[in-house]
Amino acid sequence: MRIGITCYPTYGGSGVVATELGIELAALGHEIHFISYSQPFRLTGRDNGIFYHEVPVSNYPLFEFPPYDLALASRMAEVAEYYALDLLHVHYAIPHSVSALLARQMLAARGRRLPFVTTLHGTDITLVGLDRGYLPITRYAIQESDGVTSISNYLRDQTITRFDVTRPIETITNFVNCDVYAPIRDEALRAERRLHYAALDEPLLMHLSNFRPVKRVTDAIKIFAQVTREQPVQLVLIGDGPERSVAEWLAHDLGIQNRVHFLGKQDRVHELLALADLLLMPSEMESFGLVALEAMACKVPSIATRVGGVSELVDDGETGLLFPVGDVDAMARAAVELLRDRPRLNTMRETARRTAQKRFCSTLVVPHYVRFYEQILREGATS
Ligand code: GMT
């Protein structure tokens, strides 16, 4: 198939999923065309069968708000016609599904069919889509999509009830490439790499996010501060965003800044995750919690919040421990106990990796997308 993929190219889970999906599909022999305002950050090379089309956005002075969604629709239609795309797959409903809807209409006027699939990721439904200004058009574009998928049952149910959507929504969970996200088998190499952040006998905690308020990065710092009172331990934070300086100052004010390593945005997160003993994901909301899955594949259990779709991924007590949002004390206590109970931690590490492989490996989930595309193309051919 020839597939156009649109996503937010910046640091964030939906862009990661879209990019990894494109890479996996290309590896299966499909032709993938990314269409966005800049190159998705995880798309570092140009594998066979992968193309990137930039969407130029005019800065004409009259435009106080440059109409990106229109420029995107135009580019989608052009790329689809020029490269004979079979379908578009847009990640994050706003504004991508609306642009795809326009592109589909533009091609229909030229006698060509261009179905589109919308994948819902989270705040496009739970926050942005419920803003009165965006709700009617988001609901319309979801309803009019040729196919809609959701990354968890939680998000699917939210979309149906909160948006009053009547069309079917297929849950296709997020996935991870279990060969790339994997533990470092060579213990000596792992130990050597860990030494950049922690002494040999010091546990290493990790947090990875886009540092938006919804991630509650400051809770990660507070949890860590309590753990340091019990034992020597180090914290690595990967990512950047609006809460970074707040988190830095908090670490400074709590007197733990020499144990807290802010690495900023990183390309090779799989190599870092594999160094951790525990992941901290104290988010206010996660429709899935992709980073917890990436950590699981690297044999790293999570201390996380029981929100949204997280419990569809993390089995409480088996592959991580789940707590109410903001219960910093309980999360810190659990981390201390788990770090002291090495046999239990090791069992959880093994179970985490096995679960990622058995339920969320790209080799299982990507074919689900392929079947879904085929179904959409078949339905269109017979209608
Ligand atoms: O909705 C967002 O916060 C943005 C989005 C992103 O691009 O990071 O995150 C959502 O999609 C991820 C990938 O599918 C999920 O792992 C996140 O849980 C989800 N975030 C929320 O629901 C808050």
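Predicted model: local features only at pLDDT ≥ 70, side-chain atom pairs only at ≥ 80, totals over all residues.
Strand β2 (residues 31–36) runs parallel to β3, and five bridges pair the two.

The β2 and β3 strands belong to an open sheet of seven strands, ordered β3-β2-β1-β4-β5-β6-β7, with parallel pairing. At the edges stand β3 (50–54) and β7 (170–171); each has a single partner strand, so one side of each is left without a neighbour in the sheet. Helix α1 packs on this sheet, where it touches β1 (2–6), β2, β3 and β4 (87–91). The direction of α1 makes about 155° with that of β2. Another helix to look for is α2 (residues 68–82), which lies across β1, β2, β3 and β4 and runs at about 165° to β1.

Most residues other than glycine have a negative phi, and most peptide bonds are trans. In the loop between α2 and β4 you will find A84. This residue is not a glycine, yet A84 has a positive phi of about 50°. Further on, the loop between β4 and α3 (96–108) holds P95. The peptide bond from I94 to P95 is cis, with omega near -10°.

Next, step back to the whole protein chain. How is the protein chain divided? There is a domain 1, covering 2–175 + 362–382, and a domain 2, covering 187–359. Their C-alpha centres lie 31 Å apart. The two domains also touch: 15 residues of domain 1 are in contact with 12 residues of domain 2. On the side of domain 1 that touches domain 2, α1 and α6 (153–163) each supply at least two residues. By class, the residues of that side of domain 1 divide into six nonpolar, nine polar and no charged.

A second sheet comes next on the tour. Six strands form an open sheet with parallel pairing, in the order β10-β9-β8-β11-β12-β13. The edge strands are β10 and β13 (320–323), and each of them pairs on one side only. Between neighbouring strands of this sheet the turn is 20° on average, direction ignored. Helix α11 (residues 290–297) packs on the sheet and touches β8, β11 (278–281), β12 (302–305) and β13. The direction of α11 makes about 175° with that of β11.

We can follow the pairings in this sheet strand by strand. Strand β8 (residues 204–208) runs parallel to β9, and five bridges join them. Here L204 stands opposite Q234 in β9. On to the next pair: strand β9 (residues 234–238) and strand β10 (residues 260–264) are parallel as well, pairing over four bridges. In that pair, I238 stands opposite G264 in β10. Together with helix α9 (residues 244–253), β9 and β10 make a right-handed β-α-β unit.

Our last stop is the ligand. Which residues come nearest to the ligand? Of the 18 residues around the ligand, these are G12, G13, S14, G122 and T123. The helix that gives the most to the shell around the ligand is α1 (residues 13–27), with four residues.

Terms used
Residues numbered from 1 in each chain as written. Near = placed C-beta within 6 Å. Domains from an automatic or database assignment. Contact = placed C-beta atoms within 7 Å. Nonpolar A, V, L, I, M, F, W, Y, C, P; charged D, E, K, R; others polar. Pairing = 2+ DSSP bridges. Right-handed = clockwise from strand over helix to strand, strands pointing away. Axes fitted to C-alpha atoms, helices over the stretch in contact; angles between N-to-C directions.
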